[in-house]
Amino acid sequence: MWVAVGKGGKIIYSTNGTAWTQATSPLTQDISGLTHNGQSGAKSLWVAIESMSSTSSKLAYSADGITWTSRVIYPQINQVTGAIVHNK
């Protein structure tokens with residue numbers, strides 16, 4: 001699976017790296033980071049980081065790169081620009 005992110009919360013995915021489809025993204029602001037834990041199947045985890053404002057940020061996560069769920073990170077963390085996913 002290939003996943004790319006960009007401006008306005010856009011998330012796109014591809015199974016072959018050539019044909020791309022836009023996912024339904026729960027994010028609306030520019031996405032500043034994307035990471036994957038390197039696992040497949042039920043252990044797979046994608047995380048996208050939205051740099052929202054000086055008071056809060058959101059992240060979205062997905063097991064398959066297609067269906068995404070968001071979570072607000074506030075007020076303790078603002079202007080998040082990246083993430084690392086660790087899997088034992």
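Begin by selecting V3, I11, Y13, A23, L27, I31, W46, A48, A60 and W68, the 10 residues of the largest nonpolar core. Such a core is a set of buried Ala, Val, Leu, Ile, Met, Phe, Trp, Tyr and Cys residues joined through side-chain atoms within 4.5 Å; buried means under 20% relative accessible area, with a 1.4 Å probe and protein chains only. Strands β2 and β5 (46-50) each supply at least two residues of this core. In soluble globular proteins, nonpolar side chains tend to be buried together.

The model is predicted, so local features need pLDDT of at least 70 and side-chain atom pairs count only at pLDDT 80 or more, while totals for chains, interfaces and linings use all residues. Residues are numbered from 1 along each chain as its sequence is written, and side-chain values use heavy atoms, without hydrogens and water.

Next, select A23. Apart from neighbours within four places in sequence, A23 is in contact (heavy atoms within 4.5 Å) with I11, I12, Y13, G65, I66 and W68.

Then display residues 2-5 and 11-14, which are strands β1 and β2. A strand here is a DSSP run of E, at least two residues, numbered from the N terminus. The two strands run antiparallel and are joined by four bridges; strands pair if DSSP finds at least two bridges between them. Within this pair, A4 has I12 of β2 as its bridge partner. Five residues lie between the strands of this hairpin, and G8 in the turn has a positive phi of about 65°.

Of its 88 residues, 33% count as buried.

Terms used: Buried < 20%, exposed > 50% of the residue type's maximum accessible area, 1.4 Å probe, protein only.
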